[in-house]
Amino acid sequence: MANVSIVLVSHSSKVVEGIRDIIKQMVPAVSIGIAGGTEEGEIGTSIDKITKAIEEVHSVGGVLVFYDIGSAKMNAELAVELNEYENVHIAEAPILEGAFVAAVEAGMGKSLEEVQVAAEKNDRR
Amino acid sequence: MVLNVANTVKWMTLVNEKIQENKEYLTELDQAIGDGDHGINMARGFQEVEVKITATDYDNVSDLLKDVSMTLLSKVGGAAGPLYGTAFLKLSMEVKGSETLDFPKFKSGLQEALAGIKQRGKAEKNEKTLVDVWEPLVDYLNSQDSFNAADFESAAKEAMEATKDLEATKGRAAYLRERSIGHLDPGSVSSFYIFSSLAEVLKEGD
């Protein structure tokens, strides 16, 4: 079974690029999709970008999505609902710390549910 | 009242006109208690809506409303995108296949739109969000047997103005807590433009 993949959604592309760099340094074997900023490259989030990021890293292992503030959560939910994905979950955890914990767990071959529980517990905060 | 393809296109065109005219004003309102992008985002979104719906032929109002929804979802950017996008999506789903909307159908559509906004934003009344315009308007409509454009518009205006005294507990403004009191909620103001445009279009048709 493929490792769980991670998607990072933020209002800023720099935020998600930076978080991906931090995670990749420790866990290179997990796919990380990023959706930062709007289509125009401004501060905001975009359903289309989120959908593309999910498609890019999607596998049978599933995808766990992390978001930052405001519209990020609503657009992440819409991307999942409109595409009717079944093994894509949205995590309720701080985007950096949560995604980091999730990547480590995913790299150990844990299931989507296990990775999500670990990220949301996030006891390394 | 009857909403058909022609006057719904007119409705959206008028919303766009009002949003473009008040782009700076919406930005100022949002700079006071939010992230300052509401004017630009709404102007971009409704400009695209007008382009899309004036270039397409529709057999029924529900398909038109669905295109409004999809355009807002992908073009607006800030929180207004998913919220207004969901509202128009739920409205179009509730009236699916309808060539025109009469008053009872419009009422039930708007009720579903409100439910969609609340579900998407996890918001309730009195949190200083657009729910504070949509919910009083749905309540007002549910108390009426026929549509009165002037009364509808004043109900929308009154609801919008009442957001000034509220303390925000949802959205960006919630971070400011009591500092948000004394400012109009930008989303409630753009919602007012949507409803006052509808009133104007239906007044003309009387």
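**View 1. Overall dimensions of chain B****.** For 206 residues a compact globule would have a radius of gyration near 17 Å, and chain B agrees with this because its value is 16 Å; the radius is taken over C-alpha atoms, and the globule rule is 2.2 Å times the number of residues to the power 0.38. Along the principal axes, the C-alpha atoms of chain B fill a box of roughly 45 × 35 × 30 Å. The model is predicted: local features need pLDDT of at least 70 and side-chain atom pairs count only at pLDDT 80 or more, while totals for chains, interfaces and linings use all residues. Residues are numbered from 1 along each chain as its sequence is written, and chains are lettered from A and ligands numbered from 1 in the order in which they are written.

**View 2. Helices and strands of chain B****.** Chain B has 9 helices and 2 strands, which are DSSP runs numbered from the N terminus (helices: H or I, at least four residues; strands: E, at least two). In sequence order the pattern is β-α-α-α-α-α-β-α-α-α-α.

**View 3. Burial in chain B****.** Of its 206 residues, 54% count as buried, that is, 20 or more other C-beta atoms, placed from the backbone, lie within 10 Å of the residue's own.

**View 4. Contacts between chains A and B****.** In this view, 9 residues of chain A are in contact with 11 residues of chain B (contact: C-beta atoms, placed from the backbone, within 7 Å). On the side of chain A that touches chain B, α2 (47-57) and α3 (71-83) each supply at least two residues; α3(A) gives the most, with 4 residues.

Definitions and conventions
Contact = placed C-beta atoms within 7 Å. Buried ≥ 20, exposed ≤ 12 C-beta atoms within 10 Å, placed from the backbone.
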